[in-house]
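Subject: Structure handover

Hi,

Here is the structure we talked about. Please look it over, then read my notes below.

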Amino acid sequence: MKWLGFILPFIMNFGKGSHKPRRSLKDSALEIYDAITIRSRTAVFLSMTGLGAIAFVCGGVFMFITEATGQYDRTGAIFWNSTLITSLCLTAIAVGGLSYVYFFAWPGVRAADRRRDAAEAEFKRQQELHAGSLESALSALVMDFVRERELRRAQRGTSSPSPTPEASTEGELHRARAEAERPSANLH
């Protein structure tokens with residue numbers, strides 16, 4: 001889909017430069033080719049750097065094995081010399097370059113890191129919201145319990161309860177319970 005959005009402006013006469021009509025389809029094709037080569041230059045360079053690094057790793061390992069086995073055949077032991085050190089350094093530098101290309105410089109790695117960081121931030125925000133709703137639910141439950149106890153103490157404190165206050169007390173209890181059980185009350 002990205003390629004379609006990239007190519008259609010050139011074909012539909014909305015490419016770079018002025019909006020005058022092109023002479024032929026060849027002009028459009030050349031403009032598309034130029035844009036693609038400019039955009040793909042980084043990816044091609046990094047790919048060639050990666051392939052070169054792989055070749056140097058293979059060469060360094062081959063040099064090390066050849067020199068080490070040659071020494072072992074001649075003397076029966078392996079001693080550090082300039083060829084072994086050079087082959088190990090060549091391999092280490094090539095592995096370092098290869099890891100830089102594929103872990104840091106490759107197109108899209110930084111964007112993927114930003115997407116991962118954004119996803120982690122969103123996850124943390126959702127966790128905080130979830131914790132906030134749990135706290136609200138628990139506080140509503142505790143407040144319901146406190147109100148119920150206060151109402152019961154008030155009932156016991158009166159010596160001759162009349163039917164009207166009891167009904168209002170029961171009504172308040174039911175309202176408090178309904179408010180605590182309501183899902184929208186738990187989210188605030």
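Buried residues make up 18% of the 188 residues in the protein. Buried means under 20% relative accessible area, exposed means over 50%, and partly exposed lies in between (1.4 Å probe, protein chains only).

Some ground rules. This is a predicted model, in which local features need pLDDT of at least 70, side-chain atom pairs count only at pLDDT 80 or more, and totals for chains, interfaces and linings use all residues. Residues are numbered from 1 along each chain as its sequence is written, and side-chain values use heavy atoms, with hydrogens and water left out.

Overall fold. The protein has six helices and zero strands. From the N terminus on, the order is α-α-α-α-α-α. Helices (H or I, at least four residues) and strands (E, at least two) are DSSP runs, numbered from the N terminus.

Helix α2. This helix has 51 residues. From first C-alpha to last, α2 reaches 71 Å, close to the 75 Å expected at 1.5 Å a residue. The expected span is 1.5 Å times one less than the number of residues. α2 also bends, by about 45 degrees at S40. The bend at a residue is the angle between axes fitted to the seven residues ending there and the seven starting there. Just after α2, G76 has a positive phi of about 85 degrees.

The α2/α3 pair. How do helix α2 (residues 25-75) and helix α3 (residues 82-105) pack? Their angle is about 155 degrees, and their axes are 8 Å apart. α2 is therefore roughly antiparallel to α3. Axes are lines fitted to C-alpha atoms, for helices over the stretch in contact, and angles run from 0 to 180 degrees between N-to-C directions. Angles under 35 degrees count as roughly parallel, over 145 as roughly antiparallel, 65 to 115 as roughly perpendicular and the rest as oblique. The crossing of α2 and α3 is left-handed. That label applies if the near helix is turned anticlockwise from the far one by less than a right angle; clockwise gives right-handed. By class, the contact of α2 with α3 has 18 nonpolar, eight polar and one charged residues. Ala, Val, Leu, Ile, Met, Phe, Trp, Tyr, Cys and Pro count as nonpolar, Asp, Glu, Lys and Arg as charged, and the others, Gly among them, as polar.

Residues to click on:

- L84 sits in helix α3. L84 is buried, at 1% relative accessible area. Its C-alpha is 7.5 Å from that of M63, 21 residues away along the chain.
- T86 is in helix α3 too. T86 counts as partly exposed, at 45% relative accessibility.
- V61 belongs to helix α2. V61 is partly exposed, with a relative accessible area of 38%.
- E179 is found in helix α5 (residues 163-181). At 42% relative accessibility, E179 counts as partly exposed. E179 and D144 are 35 residues apart in sequence and 8.8 Å apart in space, C-alpha to C-alpha.

Best wishes
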